[in-house]
Amino acid sequence: MFRKAQGSGLKAQACDRMIGMIITRRTFLGQAAMTTLLPTVVRAADHRIDRLGLQLYTVRTEMAKDFEGTLAKVAAAGYREVEFAGYFDQNPKQVRAILDRHKLTAPSAHIDYATVETKLEPAIETARIVGHRFLVNPFLDEEMRKQPDIWKRVAATFNKAGETCRKAGIQFAYHNHHFEFVPVDGVMPFDLLLKECDPNLVKMELDLCWITVARQDPLTYFQRYPGRFPLVHIKGLKKVPEGQPPVPFDQAIPNITDVGAHDVIDWKRILARSSQAGIRHYFVEHDQPASPFDSIRTSAAYLRELRF
């Protein structure tokens, strides 16, 4: 009886120890899970734009008057990158020297469609000197867009340009407005470009304002075409213009505003998907600011504080 009772007691003690180990393990795993989750939450809330850029079309009038002085003010407003839309009679070496003096880099430049077709090699040579890593076609004029099968021909031209740029160590890209989201023969031109263009040769610089004007959701495209959007344009929108798309430019542009100022675009929601989209460069832009330098300072102040 004594041996049996002693054996029962030993079993009970062993059982208690096992239960204690299970509870301790559960507690440890729970604490470990919380430890794993907490830094993730902090990191997710602490994403921000480290090197803010400016599309210099925003200050084009000032650039024409005082090229270097304007770039100095852009740098003083907190911008570290710029995207060119013309060099205002400065040669590439002069442009590079001015950028270096003001601790700016210019990862990207816009070039028109005629340059893409017939003057791409000189544009590439300029890009090498100035330091561009992207050459972007920003627009197709209305008469060209009326031509039959134009978007398929544009896609073919872009693929060819993309191959030429790739050989030179430069990435080619296209920048949208709102008309690319109006179906032509049942297909959205933007969708056609994404389908027909080689994803390695042709990237997209997504203008997050114009796609909103077109009543499309950027996140849909980020999910459908991950990694295709290394550059974006960031500009505020007071309201989505009414009327049948595409709304005429002279009706849409007055609704553009400084980023974060009476702005209906949910920047936190969009930029939280930056990794999925493949975004590496964020360029503020305002097509017609009443006071360009005040505008770029307002947008920079908002974006400096934005966490996503």
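Here is a short walk through the inside of this predicted model, one selection at a time.

Stop 1: Select F84, L135, F229 and I234. The largest nonpolar core has 87 residues, and these four touch the most other members. Now color helix α8, residues 150-167: this helix gives the most to that core, with 7 residues. As background, nonpolar side chains in soluble globular proteins tend to be buried together.

Stop 2: Next, pick out V136, A173, L231 and F283, which are among the 5 residues of a second, separate core.

Stop 3: Select C165 and C209. Buried or exposed, where does C165 sit? C165 is buried, with a relative accessible area of 0%. C209 is buried too, and its relative accessible area is 0%.

**Stop 4: a lysine on the inside.** Jump to strand β6, residues 202-207, and select K203 there. K203 is buried but has no salt bridge. Which side chain of opposite charge is nearest to K203? That would be D198, 7.5 Å away. Follow the K203 side chain instead to the backbone oxygen of P199, which it reaches at 2.9 Å. To finish, show the residues K203 touches, again leaving out those up to four places away in sequence: Q171, F172, A173, Y174, G227, R228 and P230. You've already met A173, in the second core.

Notes. Residues are numbered from 1 along each chain as its sequence is written. This is a predicted model: local features need pLDDT of at least 70, side-chain atom pairs count only at pLDDT 80 or more; totals for chains, interfaces and linings use all residues. Side-chain values use heavy atoms; hydrogens and water are left out. A nonpolar core is a set of buried Ala, Val, Leu, Ile, Met, Phe, Trp, Tyr and Cys residues joined through side-chain atoms within 4.5 Å. Buried means under 20% relative accessible area, exposed over 50%, partly exposed in between (1.4 Å probe, protein chains only). Helices (H or I, at least four residues) and strands (E, at least two) are DSSP runs, numbered from the N terminus. Lys and Arg count as positive and Asp and Glu as negative; His and the chain ends are not counted. A salt bridge is a side-chain nitrogen of Lys or Arg within 4 Å of a carboxyl oxygen of Asp or Glu. A polar contact is a pair of N or O atoms within 3.5 Å; within protein, one must be able to donate a hydrogen and the other to accept it, and residues adjacent in sequence count only if both atoms are side-chain atoms. Contact means heavy atoms within 4.5 Å.
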